[in-house]
Amino acid sequence: MKKFKIHTDKEKLLHEKCREVALPLDEEKRQTILDMVEYLKLSQDDEYAKANKIRPGVGLAAPQIGVPERFYAVYLVDKEKTYEYGLVNPKILSTSVKKAYLEGGEGCLSVPEDVMGHVYRYFRITIQAYDAVSQQNVTLKLVGYPAIVFQHEYDHLDGILYYDRINRDDPFKKDPEAVAI
Ligand code: UDB
Ligand code: ZN
């Protein structure tokens with residue numbers, strides 16, 4: 001199993017916009033993306049996570065492994081549905097007016113110390129990308145928790161970390177358009 005060095009927010013790379021990936025995807029890059037999905041899957045196994053001293057991850061973006069390019073992996077199970085994707089050059093096609101935030105706040109594999117506060121995101125998004133897992137273009141309609149995860153990863157491609165979206169003066173400021181998840 002491939003081990004990744006997870007880069008942290010001390011590094012400039014995490015705060016910079018990533019460049020588009022040339023398609024068709026070369027075999028080496030496809031393998032890297034599949035390895036990222038595998039890493040997430042394994043990290044959610046308690047034994048494996050403990051033995052390898054890693055956190056259970058639901059998403060991982062290229063800059064977090066030191067690659068300044070527009071792709072990310074997601075592996076999560078929500079409401080009996082499994083989301084297993086390796087998105088390349090994702091585009092958010094549409095967003096809801098309604099917002100959502102994780103009640104317990106967000107964290108990040110690249111941020112060693114949690115920052116408290118509400119991170120408002122869109123409740124629904126439609127995202128289009130090339131998916132390295134199924135090897136086809138996909139258009140995904142995401143709602144609630146999965147929508148939040150895909151937006152968190154998308155932000156990494158633009159050099160945005162979750163704490164950049166927390167209100168500095170009032171971290172728990174209410175947004176009347178937002179629901180807690
Ligand atoms: C995570 N994990 O992976 F509900 F099996 C977070 C960390 C930062 C705490 C490791 C997480 O939410 N795990 C989780 C949650 C479950 C069930 C389960 C595992 N990320 C991904 C990340 O940093 N990507 O760049 C942070 C999430 C916060 C909101 C969306 C992504
Ligand atoms: Zn993150």
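Guide: We go from the overall fold to the metal site, the pockets and some backbone details. Keep in mind throughout that this is a predicted model.

Visitor: How many helices and strands are in the chain, and what pattern do they follow along the sequence?

Guide: The chain has three helices and eight strands. Read along the sequence, their order is α-α-β-β-β-β-β-β-β-α-β. The radius of gyration is 16 Å, close to the 16 Å that the globule rule gives for 181 residues, so the chain is as compact as a globular protein of that length. For the extents, the C-alpha trace spans about 45 × 35 × 35 Å along its principal axes.

Visitor: What percentage of the residues in the chain is buried?

Guide: Buried residues account for 48% of the 181 residues.

Visitor: Now the metal. Which residues are the protein donors of the zinc ion (ligand 2)?

Guide: Ideal angles at a metal are 109.5 degrees for four tetrahedral donors, and 90 or 180 degrees for six octahedral ones. Here the protein donors of the zinc ion (ligand 2) are Cys108 through SG, His152 through NE2 and His156 through NE2. These donors lie 2.1 to 2.3 Å from the zinc ion. Water is not among the atoms, so the site may look incomplete.

Visitor: How are the donor residues of the zinc ion (ligand 2) spaced in sequence?

Guide: The spacing is C-x43-H-x3-H. Histidine 152 and histidine 156 both belong to helix H3 (residues 145–157), and because they are four residues apart there, about one helical turn separates them.

Visitor: Are histidine 152 and histidine 156 buried or exposed?

Guide: The cut-off for buried is under 20% relative accessible area. Histidine 152 has 9% relative accessibility, so it counts as buried. Histidine 156 has 1%, so it counts as buried too.

Visitor: Which element gives the largest share of the lining of the largest pocket?

Guide: H3 does, with six residues. Sorted by class, the lining has nine nonpolar, eight polar and four charged residues.

Visitor: What is the volume of the second largest pocket, and what lines it?

Guide: Its volume is about 170 Å³. The lining includes Ile92, Lys99, Tyr120, Gln151, Asp155 and Arg165. H3 again gives the most to this lining, with three residues. Strand E5 (121–122) and H3 each supply at least two.

Visitor: Turning to the backbone, which residues does a cis peptide bond join?

Guide: The cis bond joins leucine 23 and proline 24, with omega at about 0°. With 44% relative accessibility, leucine 23 counts as partly exposed.

Visitor: Leaving aside neighbours within four places in sequence, what is leucine 23 in contact with?

Guide: Leucine 23 is in contact with Val88, Asn89 and Tyr130. In sequence, leucine 23 and tyrosine 130 are 107 residues apart, while their C-alpha atoms are 8.9 Å apart in space.

Visitor: Which residues other than glycine have a positive phi?

Guide: Lysine 79 is one of them, with phi of about 50°. Glutamate 80 is another, with phi near 65°. Lysine 79 lies in the loop between strand E2 (71–78) and strand E3 (81–95), and glutamate 80 lies in the loop between E2 and E3 too.

Visitor: Are lysine 79 and glutamate 80 buried or exposed?

Guide: The cut-off for exposed is over 50%. Lysine 79 has a relative accessible area of 76%, so it is exposed. Glutamate 80, at 83% relative accessibility, counts as exposed as well.

Notes:
Residues are numbered from 1 along each chain as its sequence is written. Chains are lettered from A and ligands numbered from 1 in the order in which they are written. This is a predicted model: local features need pLDDT of at least 70, side-chain atom pairs count only at pLDDT 80 or more; totals for chains, interfaces and linings use all residues. Side-chain values use heavy atoms; hydrogens and water are left out. Donors are N, O and S atoms within 2.8 Å of the metal (3.2 Å for Na, K and Ca); water is not among the atoms, so sites may look incomplete. Buried means under 20% relative accessible area, exposed over 50%, partly exposed in between (1.4 Å probe, protein chains only). Ala, Val, Leu, Ile, Met, Phe, Trp, Tyr, Cys and Pro count as nonpolar, Asp, Glu, Lys and Arg as charged, and the others, Gly among them, as polar. On a 1 Å grid over the protein atoms alone, a cavity is a set of points where a 1.4 Å probe fits but cannot get out, and a pocket is an open set with protein on both sides within 12 Å along at least five of seven lines; lining residues have an atom within 4 Å of a point. Grid points are joined across faces, edges and corners, and a volume is the space filled by probe spheres set on the points. The radius of gyration is taken over C-alpha atoms; the globule rule is 2.2 Å times the number of residues to the power 0.38. Contact means heavy atoms within 4.5 Å.
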